Amino acid sequence: METRGYALPLNLLIRHLLAGESYSAEVSQAVRRELYGYFDELVFTRLDLATRRLVMELAPFEPFSAELARLLSGSSRAGEMLDKFQSVTSELLPEKADTWRYWPIFRNYLLWKFDNEYDGERRRALYYRCGLYYELREEYKLALECYSKSGSSDKVMELLMRNAELHPGTGHYDEMEPYYRQLPEREILGSPALIQAMSMLCAISMDYEGSERWYKALGDFASSRRKADMAAKEARSRLAWLDIALPQRSVDGLPEVFTRSFKLMRAKEIKLPEFSVTSCLPSGRSKATPQSAPPTAPLAQGSHGTREKPPLRKGRWHGEAVTEGSQSAERPVKGDPSVAFGDSSPYAGEPLETEKPPLRKGR
């Protein structure tokens, strides 16, 4: 028996050893029964019924938060119950702010009671509610585990289809691969999103033959339906996406692929799913650097808030050299994006203010 720093089972084990018994599986089982009896008599039965149910229902899900406790119990006081439980038992280990887990031995006890006192229907309902919690937090792997244990195949399929719509750089293909592999082929062939996901998953796994097989299946899905059918349009869109994204395709044909996809998009025959060269991560060029920061200037108040206003510079509109200190530069055309501060400046594209010539009298 692993105690992991929990002193009570060691105390019980020492009593058996002092009585002349040798350590064995039978002694370990005896210690476990005594320990569970202690938890029953001195911990669990001293809790009110609502707290008993809460701590037992949280046992399968670690780490857990007060938010999850409220969702599983349906009580707005779940956080207070956990705080009170911790103050009288010290069986909770803080994970981080507002997140806990049980001592491993006490959790084993709670799981034992959970299996004995909850029938299959109650357990499935509990796993379904927890799956919904993880789904809302976009923790899809944990959500799939809960939905699988709840027997909700529809929710498993829905999550896999939703994940298939993400770019591979942000999708959870590695974590969800076992669930994709478990899907019946007839279910996959009925969804363009799942066929696309299987083609990309095989390509990531370097199973290029399998990837091309699923690519062909997606083409058959599109060709077997009328052109105006929205399902066929989705399939054509995902085919165009795969033409660009599949790693085994040669780059030599990419210009033609881009041209063809652009024409289809202009004709509104396809709509490309999410696609990002940087896997939807921010580019390093978007970060401001001290060298490109504009000089400090007075703030100009406008109807849409405040912004720094570039300083006035004297000069004519076109072609005249403007001298500042020892440096001179050719005056750009008004409205040039690189005026005054360069392409990387937040003011790029704003016309530079100049002194207007005085009014002249006349007709």
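# Note on charged pairs, cysteines and backbone

1. Arg-186 and Glu-187 form a salt bridge, with the closest N and O atoms 3.2 Å apart. Keep in mind from the outset that this is a predicted model. How accessible is Arg-186? Arg-186 is exposed, at 65% relative accessibility. Glu-187 is partly exposed, with a relative accessible area of 31%.

2. How many salt bridges does a search of the whole structure find? The total is 21. This note picks out a few of them.

3. Take Glu-139 and Arg-137. Their side chains meet in a salt bridge, at 3.0 Å from N to O. Glu-139 is partly exposed, and its relative accessible area is 26%. Arg-137 is also partly exposed. Its relative accessibility is 44%.

4. Now look at Asp-243. Is this residue buried or exposed? Asp-243 counts as buried, at 13% relative accessibility. The cut-off for buried is under 20%, so Asp-243 falls into that class. Its salt-bridge partner is Arg-249, and the closest N and O atoms are 3.2 Å apart. Arg-249 counts as partly exposed, with 25% relative accessibility.

5. Salt bridges can also be linked through shared partners. Which residues are joined into one network in this way? They are Glu-62, Glu-95, Arg-101 and Arg-107. Please find these four residues in the structure and view them together. Glu-62 comes up again in point 8.

6. Next, the cysteines. How many disulfides are there? The count is zero. Cys-130 is in no disulfide, and its nearest cysteine sulfur belongs to Cys-146, 4.1 Å away. A disulfide needs the two sulfur atoms within 2.5 Å.

7. Are these two cysteines buried or exposed? Cys-130 is buried, with a relative accessible area of 0%. Cys-146 is buried as well, at 5%.

8. The backbone deserves a check too. Which two residues does a cis peptide bond join? The bond runs between Glu-62 and Pro-63, with omega at about -10 degrees. Pro-63 sits in the loop between helix H3 (49-58) and strand E1 (64-65).

9. Ser-90 is not a glycine, yet it has a positive phi of about 60 degrees. Where does Ser-90 lie? Ser-90 is in the loop between helix H5 (78-89) and strand E2 (92-96). Ser-90 counts as partly exposed, at 47% relative accessibility.

10. Glu-138 has a positive phi as well, about 60 degrees, and is not a glycine. Its place is in the loop between helix H7 (120-136) and helix H8 (140-150). Is Glu-138 buried or exposed? Glu-138 counts as exposed, with 54% relative accessibility. The cut-off for exposed is over 50%, so Glu-138 passes it.

Definitions and conventions. Residues numbered from 1 in each chain as written. Predicted model: local features only at pLDDT ≥ 70, side-chain atom pairs only at ≥ 80, totals over all residues. Heavy atoms only, no water. Buried < 20%, exposed > 50% of the residue type's maximum accessible area, 1.4 Å probe, protein only. Helix = DSSP H or I, 4+ residues; strand = E, 2+ residues; numbered from the N terminus.
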